[in-house]
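Visitor: I am new to this structure and would like to understand the terms used for it. Please show it to me.

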Amino acid sequence: MTLLPGLRAAPIKDSSINRHIASVNRCAAMLSSLRCPPRLGWLLAWELAQAVQAGDAATGQAAVTARTAATYIGGLVSLGLHGGLDEDALDGMRAV
């Protein structure tokens, strides 16, 4: 992924970077179960938020709260922000 080096080099605490990467990895693990294309933006963030709040019995993933879903989406926003994603895609994810 070309965005990851930007996140790793971001001028934020290493613990925050690690938390964002963990959120991104959690989202990436769900991509194959989503209907939308795997492009960062509003639709992907919305589908991910819906999916993590519903949980997945097939994979054993428990449902999470809306706050936790927002943390996962925040990781994607940080990835895009520090990786140079265009502002429209970032705004779409922030709206979720």
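The conversation below sets several values against their definitions.

Guide: This is a predicted model, in which local features need pLDDT of at least 70, side-chain atom pairs count only at pLDDT 80 or more, and totals for chains, interfaces and linings use all residues. Residues are numbered from 1 along each chain as its sequence is written, and side-chain values use heavy atoms, with hydrogens and water left out.

Visitor: Why is Val96 called partly exposed?

Guide: Buried means under 20% relative accessible area, exposed over 50%, and partly exposed in between (1.4 Å probe, protein chains only). Val96 has 39% relative accessibility and therefore counts as partly exposed. Val96 lies in the segment after helix 5 (87-95); helices are DSSP runs of H or I with at least four residues, numbered from the N terminus.

Visitor: What makes the link between Glu87 and Arg94 a salt bridge?

Guide: A salt bridge is a side-chain nitrogen of Lys or Arg within 4 Å of a carboxyl oxygen of Asp or Glu. The closest N and O atoms of Glu87 and Arg94 are 2.9 Å apart, so the pair meets the definition.

Visitor: Which residues are linked in a network of salt bridges?

Guide: The network links Glu87, Asp91 and Arg94. Asp91 is partly exposed, because its relative accessible area is 39%.

Note on methods: Helix = DSSP H or I, 4+ residues; strand = E, 2+ residues; numbered from the N terminus.
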